[in-house]
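Please look over the sequence and the model before reading on. The report below is meant for someone meeting this structure for the first time.

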Amino acid sequence: MERKEEWEVGGFQFRTKEDAELAKTELDKITFLEKRLRYDDPESILTIYNKAIENGIFQTPVGFQYLQKLKGFLTERGLAGRARGIPLQQQYSSGVQEQGRGQEPDGRHVARVRVQPSQYRALRSKLRRSVLLNIVLILLVIIMFAITLTGKNANILNYERVLTDRYAGWEQELTQREAAVREKERALHMEE
């Protein structure tokens, strides 16, 4: 397992390796932007700032810190009124940290939920129990169908077969009785 010190990016300590890698990617984006930004043209900075927020380019504190720096620059130049607010992607008032609505590449909005390790284990345990219970229920349904199909009592699944067998049995019994009666009649007619 990796040490948590390796999950530090831009002065922020991240809980997961994936979050730290996302922050490193954002740090690369910031470096790229800084090389190309023209601070002598505040309008271009405003456009880039608003586009970055609109497209959800930054999702970690590293990116938010950079957006805050750009907003400070715009405030100094008197453009703060036209600059959008920085949207937070985390809910701080609940026990489960719910990430805000990020935008997927295809334009859909997706809510992300961050789960603590202890909650993750509990959810995994519930999922296992649920899957096991579903398997048991499926087996019971299969057994019930097997009993229903092979049973002697008529029901909605096998009534035709049961009734046909019953009538066939009656017909055979009736044929045997008729044969016995005719035999008796012949025996009686011969004696007379």
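What follows describes the nonpolar core, a pair of packed helices and the salt bridges of this predicted model.

In soluble globular proteins, nonpolar side chains tend to be buried together. In this model the largest nonpolar core has 22 residues, and the members that touch the most other members are Phe14, Tyr49, Leu67 and Leu74. At least two residues of this core are supplied by each of helix 1 (17-36), helix 2 and helix 3, and helix 3 gives the largest share, with seven residues.

Leaving aside residues up to four places away in sequence, phenylalanine 14 touches Trp7, Val9, Asp19, Ala20, Ala23, Thr60, Pro61 and Val62.

## Helix 2 against helix 3

Two packed helices are described by the angle between their axes and the distance between the axes. Helix 2, which covers residues 42-54, packs against helix 3, which covers residues 61-76, at an angle of about 145°, and the two axes are 10 Å apart. The crossing of helix 2 with helix 3 is left-handed.

Which residues of the two helices meet? From helix 2 come Pro42, Ile45, Leu46, Tyr49, Ala52 and Ile53, and from helix 3 come Leu67, Leu70, Lys71, Phe73 and Leu74. Sorted by class, this contact has ten nonpolar residues, one charged residue and no polar ones.

Lysine 51 lies 33 residues from arginine 84 in sequence, while the distance between them in space is 9.5 Å from C-alpha to C-alpha.

## Salt bridges

Side chains of opposite charge can pair when their charged atoms come close.

One of the pairs joins glutamate 76 and arginine 77, whose side chains meet at 3.2 Å, N to O. Glutamate 76 has a relative accessible area of 64% and is therefore classed as exposed, since that class begins over 50%, whereas arginine 77, at 42%, is partly exposed. Elsewhere, Arg38, Asp40 and Asp41 are linked in a network of salt bridges.

## Pairs along helix 5

Another salt bridge brings together the side chains of arginine 177 and glutamate 173, at 3.2 Å, N to O. These two residues are separated by about one helical turn, because they stand four residues apart in helix 5, which covers residues 159-191. Arginine 177 counts as exposed, with 55% relative accessibility, while glutamate 173 is partly exposed at 37%.

Helix 5 also contains glutamate 183 and arginine 186, which are three residues apart, about one turn of the helix. Their side chains meet in a salt bridge at 3.3 Å, N to O. Are these two residues buried, partly exposed or exposed? Glutamate 183 is partly exposed, with a relative accessible area of 48%, and arginine 186 is partly exposed as well, with a relative accessible area of 49%.

How values were computed
Residues are numbered from 1 along each chain as its sequence is written. This is a predicted model: local features need pLDDT of at least 70, side-chain atom pairs count only at pLDDT 80 or more; totals for chains, interfaces and linings use all residues. Side-chain values use heavy atoms; hydrogens and water are left out. A salt bridge is a side-chain nitrogen of Lys or Arg within 4 Å of a carboxyl oxygen of Asp or Glu. Buried means under 20% relative accessible area, exposed over 50%, partly exposed in between (1.4 Å probe, protein chains only). Axes are lines fitted to C-alpha atoms, for helices over the stretch in contact, and angles run from 0 to 180 degrees between N-to-C directions. A crossing is left-handed if the near helix is turned anticlockwise from the far one by less than a right angle, and right-handed if clockwise. Contact means heavy atoms within 4.5 Å. Ala, Val, Leu, Ile, Met, Phe, Trp, Tyr, Cys and Pro count as nonpolar, Asp, Glu, Lys and Arg as charged, and the others, Gly among them, as polar. A nonpolar core is a set of buried Ala, Val, Leu, Ile, Met, Phe, Trp, Tyr and Cys residues joined through side-chain atoms within 4.5 Å.
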